[in-house]
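Dear colleague,

My findings follow directly after it.

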Amino acid sequence: MANANLLSPTPTGLAAQAAAAQNPHLRKIRDLIYQVAGILQPDHKLQFLEDRCGRRLQQLKITSLRAYYDCLTMSSVRDDEMKELLNEITIGETCFFRNSPQLDALRTVVLPAILKNKSHLAYRHLRLWSAGCSTGEEAYTLAILLLQEREGTLKNVNVEVVATDLNLRSLEAAQAGVYGDYALRNVNPLMRQKYFIPAGERLAVKPEVKSLVKFSRLNLMDDARMTFMKGMDVIFCCNVMIYFDGVVRKRIVQHYYNNLLPNSYLFVGHAESLYGINNDFHLVHFPGATAYFKAEKRIGGGA
Amino acid sequence: MSQATRERIERKLAEIGSLPTIPTLLVPLLQHLCEPAEDVSLDRVVKIISQDPSLAAQCLRMVNSPLFGVRYPIDTVRGAVMGLGVSRVRQIAMACSLLKAFSTKGAVPVRALWAHSLAVAMVAQKFAHEAGYPEPEQAYSAGLLHDLGILVALAACPAEFEGAAQAASREHRALYLCERELNGFDHGEIGAMLARRWRLPAPYQHVLQYHHDVEQAPEYRCLVAIVSLADVLCRLRSLGYGCEEIGFVDLAAEPAWALAAAELPKMRDFDLARFTLELDAFITEVEQSVTALFELV
């Protein structure tokens, strides 16, 4: 953009973005993360990426991004180091109502569209899956959203949220359903009152919310068990697939495709992409959000 | 548009004294913008912009705004071109020259419309570049100009236009559909009338007229399709003009996508997910550009 020698020594705003965006090693690390994990830090997030790489540099006593890039590509510990970096990038990501454009899309477009397709059925059932639910914030967020729509879109619809994770300790915390201020930072006082009860300094999810969610342990790499997760209307799988390599990701996403009913949706993390992972889903756009859509029939056939 | 409506609007356009006259340098700049930045001599850009001293002064104020973070004040057009590059400076000049032509206020906030036009310009250029369209700079200009019809409508038939704009925002529907329903014509057709009066180069006339009807465009379909796709993407990524009308789009299933893909083989492997995420980087830049532009008027 601007000529480097005209930039001020302590750039701010766009100039700072441009400075970070001009660092070739940072861009290479960004592209590597995208290639390996399907998660993208756009130009305006490169300062954030630089900061997170900085933490790893300190830990490893490395002094330059160039050396760190080598560490991520050539050293014997490159796979482990990539996991460490991905951990730094996705740290603190979990909270209630994390991605509001995504939830708005679910509420205003996705649920009405799915139910319209089911309008001919006498018994209407809606099944949402929080895959890689960690400590349960996303699963309970979905349950609250379903409760909010109970008198509207979801009148006379039987709803359930299936929530799975590999980690038993996370699942225990999820089932307990007790959260502190950090996890609840996007929950307004009205909603706190309506869907939570005080539990000491913290808040516990009310039983009516809990009753909609079924937690269970599931390894997404367990093909046999993945085959049985049938009849899904919406799957949320946010910042989970980044920990698998391309081959495994392809397999998991194919399972998702098979487990979803026709006219259904897969949501992934805000910065995640399934480019090169699956060609059956259609990338669809909502205001401020995207999702992967499984159409009625596959376009162009295929296996 | 029926013959009768066309005549009515033409009459109005002729009657209205406030109808914008063409900015003197717009056509030279547009013609110039059709050439790749690498092939253009610094002297020619400097010469074109310097023909209009007030435009040159506006460009310099813009160049020195915090947007570009320049360390020393730039006080000549030549200095601006050397510092920011040919491509940036002629884009700034075009935005300044268009802004000078319009000073309308109305239901669609003019500032938001400018933000949207700048955003579509940037997105169309990026899309053109990544999809292998040979003239990304032309896509930028086309994006900047695509909604000029709205500014003309605000000047030529404000009551009719505002009715449609209010309906669009009330019912969360696309503006051009409300215009057609209520008024029998849309900003594309009005924009095309202005484009013909101004004798804009043919590709831009097509973009103004057909960006909501890509398949109807007799020529320059690839360019029209790129601007149309950029327009939809901008309206979906907080770069619209305030009306949130689109609920759900499968962009790759849009007729515009197929039309562009027919001419651009690179679109077969296009990573739309990544492209979409990268657009969010434009939000701040567009906001700051508009602020800088509006400080000039």
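I begin with B:Tyr220, which sits in the loop that joins helix 13 to helix 14 of chain B. Please bear in mind throughout that this is a predicted model. Although B:Tyr220 is not a glycine, its phi is positive, at about 50°. Its relative accessibility is 35%, and B:Tyr220 therefore counts as partly exposed, a class that lies between the limits of 20% and 50%.

A:Lys61 belongs to the loop between helix 3 (46–60) and helix 4 (65–73) of chain A. With a relative accessibility of 73%, A:Lys61 counts as exposed.

Helix 10 of chain B

Helix 10 of chain B covers residues 158–171, 14 residues in total. From its first C-alpha to its last it reaches 20 Å, close to the 20 Å expected at 1.5 Å a residue. Which residues of helix 10 of chain B are buried? They are B:Phe161, B:Ala164, B:Ala165, B:Ala167 and B:Ala168. Viewed down the helix axis, the buried residues of helix 10 of chain B fall within an arc of 160°, and so they line one face of the helix.

On the face turned away from the buried side, helix 10 of chain B carries the exposed residues B:Ala159 and B:Arg170. The residue that follows helix 10 of chain B is B:His172, with a positive phi near 50°.

Helices 12 and 13 of chain B

Helix 12 (residues 187–197) and helix 13 (residues 202–210) of chain B have axes that come within 6 Å and cross at roughly 160°. This crossing makes helix 12 of chain B roughly antiparallel to helix 13 of chain B, because angles over 145 degrees are classed in that way. On the side of helix 12 of chain B, the contact involves B:Gly188, B:Gly191, B:Ala192, B:Ala195 and B:Arg196. These residues meet B:Gln205, B:Leu208 and B:Gln209 in helix 13 of chain B. By type, the residues of this contact between helix 12 and helix 13 of chain B divide into three nonpolar, four polar and one charged.

Helix 5 of chain A

In chain A, helix 5 (residues 78–90) has 13 residues. Its reach from first C-alpha to last is 18 Å, close to the 18 Å expected at 1.5 Å a residue. The buried residues of helix 5 of chain A are A:Glu81, A:Met82, A:Leu85, A:Leu86, A:Glu88, A:Ile89 and A:Thr90. They pack against helix 2 (24–37), helix 3 and helix 4 of chain A.

Individual residues

Is B:Arg237 buried or exposed? B:Arg237 is buried, with a relative accessible area of 4%. It is placed in the loop between helix 14 (221–236) and helix 15 (255–263) of chain B. Setting aside residues up to four places away in sequence, B:Arg237 touches A:His270, A:Gly288, A:Ala289 and A:Thr290 of chain A, together with B:Thr276, B:Leu277, B:Leu279, B:Asp280 and B:Ile283 of chain B.

A:Arg202 is found in strand 5 (residues 202–205) of chain A. This residue is partly exposed, with a relative accessible area of 41%. Neighbours within four places in sequence aside, A:Arg202 is in contact with A:Val178, A:Tyr179, A:Gly180 and A:Ile197. A:Arg202 and A:Val178 are 24 residues apart in sequence, and their C-alpha atoms are 6.6 Å apart in space.

Finally, B:Cys96 is located in helix 6 (residues 86–101) of chain B. B:Cys96 is buried, with a relative accessible area of 1%. B:Cys96 and B:Arg111 are 15 residues apart in sequence and 13 Å apart in space, C-alpha to C-alpha.

With kind regards

Methods:
Residues numbered from 1 in each chain as written. Chains lettered and ligands numbered in written order. Predicted model: local features only at pLDDT ≥ 70, side-chain atom pairs only at ≥ 80, totals over all residues. Heavy atoms only, no water. Helix = DSSP H or I, 4+ residues; strand = E, 2+ residues; numbered from the N terminus. Expected span 1.5 Å × (residues − 1). Buried < 20%, exposed > 50% of the residue type's maximum accessible area, 1.4 Å probe, protein only. Arc of directions from axis to C-beta. Axes fitted to C-alpha atoms, helices over the stretch in contact; angles between N-to-C directions. Parallel < 35°, antiparallel > 145°, perpendicular 65-115°, else oblique. Contact = heavy atoms within 4.5 Å. Nonpolar A, V, L, I, M, F, W, Y, C, P; charged D, E, K, R; others polar.
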